[in-house]
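Subject: Structure handover

Hello,

Here is the structure you were to receive. My notes on the helix packing and the pocket follow below it.

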Amino acid sequence: MRPRDIAGKTRRRIAAEELADLVAVEAKMKKATAELKVLVKARGSRLMDLRGIGPVVAARTLADVGDIARFPDRNRFASC
């Protein structure tokens, strides 16, 4: 597509800029996910072994739970 008028050229330029921004964001997300994966594994967690749990959810769960020993039993943990 090669626009001839100024409006078409402007739309094409804006679309190209937006696409470049999305590519950059995707690269940052991949890097952050890889870093989280390393951190979760370094903590000794096996959460990512569960189906549907990736590095982001595992890291968020570990951050929210903190010290699991603060729950006297699994029922208390589940109710939290």
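A crossing is called left-handed if the near helix is turned anticlockwise from the far one by less than a right angle. In this predicted model, H1 passes H2 in a left-handed crossing.

Helix H1 covers residues 6-42, and helix H2 covers residues 55-65. The two pack at an angle of about 50 degrees, and their axes lie 9 Å apart. That angle makes H1 oblique to H2.

On the H1 side, the contact is made by Thr33, Leu36, Lys37 and Val40. They meet Pro55, Val56, Ala58, Ala59 and Leu62 of H2. By class, the residues of this contact are seven nonpolar, one polar and one charged.

Now the pocket. The largest one has a volume of about 250 Å³. Its lining consists of Arg43, Gly44, Ser45, Arg46, Leu47, Leu50, Thr61, Leu62, Val65, Gly66, Ile68 and Phe77. Helix H2 supplies the largest share of that lining, three residues. Six of the lining residues are nonpolar, four are polar and two are charged.

Regards

Technical notes. Residues numbered from 1 in each chain as written. Predicted model: local features only at pLDDT ≥ 70, side-chain atom pairs only at ≥ 80, totals over all residues. Heavy atoms only, no water. 1 Å grid on protein atoms, 1.4 Å probe; cavity = no way out; pocket = protein on both sides within 12 Å on 5 of 7 lines; lining within 4 Å. Points joined across faces, edges and corners; volume = space filled by probe spheres on them. Helix = DSSP H or I, 4+ residues; strand = E, 2+ residues; numbered from the N terminus. Nonpolar A, V, L, I, M, F, W, Y, C, P; charged D, E, K, R; others polar. Axes fitted to C-alpha atoms, helices over the stretch in contact; angles between N-to-C directions. Parallel < 35°, antiparallel > 145°, perpendicular 65-115°, else oblique. Contact = heavy atoms within 4.5 Å.
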